Amino acid sequence: MLSNSTLGQYFPGNSIIHRLDPRFKLLLTFVGIVLVFVAGNFFSLFAVVALVVLAMGLSGIPLRQYLKSLKAIIVLVLFTAVLNLFYGHGEVLWQFWIFQITTGGISNAFFIAIRVISLILFSAVLTYTTSPTQLTDALERVMKPLKVFHIRVHEIAMMMTIALRFVPTLLEETDKIMSAQKARGADMESGGAIQRMKALIPVLIPLFVSSFRRAYDLATAMECRCYRGGEGRTKMKSLHATVLDYRAVAIIVLFAAAVVACNLLLPARLM
Amino acid sequence: MPTILETKELTYEYGKGTSMTKTAVDHVNLAIESGEFIGIIGHTGSGKSTLIQQLNGLLRPTSGQVLLEGEDIWKEPKKIRRVRFRVGMVFQYPEHQLFEETVLKDISFGPRNMGLSEEEILRKAKEAAEFVGMKPELLEKSPFELSGGEKRRAAIAGVIAMDPDVLILDEPTAGLDPHGRDVLLSQIQSYHRYRKNTVLLVSHSMEDIARVADRVLVMNGGKAAMFDTTAAVFARGEELERMGLRVPQITKIMNRLRADGYPVADGVLTLEEAIRQLAPLRQERRLLRAQ
């Protein structure tokens with residue numbers, strides 16, 4: 001009941017995308033997202049969309065899952081698209097009071113919608129094919145230079161790993177406590193907004209208490225195994241780049257070149 | 001005795017409609033009589049928890065029915081709360097549900113949800129606290145200040161306070177020390193005798209089940225593998241072992257003696273009973289030696 005959202009979910013698999021080094025995947029996803037914003041006309045945007053579709057195809061994850069990830073933001077997409085409909089210049093197609101829809105507005109709306117959707121799909125490819133541990137591992141490595149600014153990269157990565165690790169545990173715990181309170185006649189399904197919020201108190205308090213208990217237990221367990229931060233710590237699974245990663249980089253570079261070329265050589269978008 | 005709780009072809013499937021459908025409870029037919037003390041045993045994952053959560057309407061069966069005094073509990077889904085007041089459920093580690101400022105308030109949570117008057121709530125809460133042996137001075141404390149055993153008692157009292165006709169307990173003694181287990185079990189037993197209501201006890205301790213249950217339900221792979229008197233179930237030791245269960249130690253010893261040709265009864269469940277059975281044998285041996 002609480003696990004309907006697919007955003008940030010990981011689907012184990014053995015596709016090319018799954019096998020990429022998470023550090024590369026993280027950086028390449030970042031490049032992909034930058035390209036989404038660099039794309040200045042429909043031609044370059046098309047190149048970006050082709051890249052997303054390629055990544056999605058290679059990930060071996062059913063299209064259905066990707067559509068599910070879009071479900072959460074569909075309202076946002078529609079909202080921005082509709083808003084953009086009224087901005088822009090060009091031939092006026094429809095007018096009412098101070099509102100007017102122009103050809104430029106329609107093109108704007110489409111442009112923005114495709115941008116947002118590609119953005120979400122890029123990150124979906126990353127999170128669907130990379131386990132949370134791999135992801136934080138990659139983040140830790142990628143953020144390492146920040147140590148110069150006295151940012152405790154390892155500690156932040158460790159916190160993220162722990163937080164992600166406990167999401168399913170806490171969901172299960174919430175489910176259990178909810179059942180226990182329902183068994184005592186707690187009514188969580190009816191009533192107005194305020195009443196429903198009040199009905200959550202018997203769930204939230206035990207959840208808080210148990211989270212603290214778990215935190216103490218975990219801290220003790222980590223100390224028992226001599227954990228003392230990132231200083232001098234080595235990895236059990238150290239990451240190695242393979243031919244696959246360099247090929248992926250080459251592909252992204254090609255697409256980036258295509259996007260820039262389209263931007264420069266082809267006419268800019270109607271505004 | 002009239003039947004209080006009945007299941008008809010009760011089936012529950014997890015993840016229905018996906019590729020990972022798993023039948024947790026598979027066409028279970030039960031009839032539980034009013035005032036019975038039923039023990040429920042089964043290996044982990046045998047469907048015990050899913051079964052009991054359907055009995056008070058926390059889970060809605062995929063197919064089949066649960067009848068409370070002959071009436072389908074899902075006939076009017078809006079009134080499912082009433083069923084939950086009548087079929088009380090104590091979950092595993094119930095102390096994790098405590099949330100109120102004081103123990104008394106927490107015990108009153110159930111009765112308050114029933115919409116009773118303040119005096120009635122107070123009376124029921126105090127009575128329930130007494131049943132589980134909570135000292136009155138603890139009632140004004142915060143539940144988080146109590147010891148582990150006291151928390152458990154407070155949480156169980158919170159369900160007993162609703163005065164349910166059927167009380168289901170899922171491993172109420174898990175994690176308690178041996179003395180605490182014995183005391184809690186005795187309290188549940190005396191509560192059952194006093195209120196004359198129906199109790200369903202899920203436990204991994206065969207000794208506990210043998211001590212208190214009138215009848216035992218054995219779950220295996222989602223099916224009700226056996227449902228018979230306690231003695232009859234524990235007489236089938238080999239079958240139970242094949243399901244990953246065991247019989248109480250004393251029962252095992254007595255079954256073995258019987259297999260070796262000693263004249264002892266089938267399905268001996270308690271130490272006291274075993275002593276009674278073995279005493280004549282000892283007498284006999286003494287006589288033989290004297291000759």
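This is a predicted model: local features need pLDDT of at least 70, side-chain atom pairs count only at pLDDT 80 or more; totals for chains, interfaces and linings use all residues.
Chain B is divided into domain 1, which spans residues 3–232, and domain 2, which spans residues 248–291. The C-alpha centres of domain 1 of chain B and domain 2 of chain B are 36 Å apart. Contact between them involves seven residues of domain 1 of chain B and five residues of domain 2 of chain B. On the side of domain 1 of chain B that touches domain 2 of chain B, two elements give two or more residues each, namely H7 and helix H8 (230–234) of chain B. H7(B) gives the most to this side, with four residues.

Chain B also contains an open sheet of four strands, in the order E2-E1-E4-E5, with antiparallel pairing. Strand E2 (22–33) and strand E5 (71–72) of chain B stand at the edges of the sheet. Each of these two strands has a single partner strand, so one side of each is left without a neighbour in the sheet. In general, the strands of a sheet pair through backbone hydrogen bonds, in either a parallel or an antiparallel sense. The antiparallel pairing of E5(B) with strand E4 (residues 63–68) of chain B runs over two bridges. Asp72(B), in E5(B), is the bridge partner of Leu67(B). Helix H1 (residues 48–55) of chain B packs on the sheet, where it touches strand E1 (3–14), E2 and E4 of chain B. The direction of H1(B) makes about 55° with that of E2(B).

Helix H6 of chain B, covering residues 178–195, has 18 residues. From its first C-alpha to its last, H6(B) reaches 26 Å, close to the 26 Å expected at 1.5 Å a residue. Three residues of H6(B), Leu184(B), Leu185(B) and Ile188(B), are buried. They lie on the same side of H6(B) because they cover an arc of only 100° around the axis. An α-helix has 3.6 residues a turn, so residues three or four places apart point the same way. The other side of H6(B) carries exposed residues, which are His179(B), Ser190(B), Arg193(B) and Tyr194(B).

After H6(B) comes Lys196(B), which has a positive phi, near 55°.

Note on methods. Residues are numbered from 1 along each chain as its sequence is written. Chains are lettered from A and ligands numbered from 1 in the order in which they are written. The expected span of a helix is 1.5 Å times one less than its number of residues. A residue is buried if 20 or more other C-beta atoms lie within 10 Å of its own, exposed if 12 or fewer, and partly exposed in between; C-beta atoms are placed from the backbone. The arc is that of the directions from the helix axis to the C-beta atoms. Two strands pair if DSSP finds at least two bridges between them. Two residues are in contact if their C-beta atoms, placed from the backbone, lie within 7 Å. Axes are lines fitted to C-alpha atoms, for helices over the stretch in contact, and angles run from 0 to 180 degrees between N-to-C directions. Domain bounds come from an automatic or database domain assignment.
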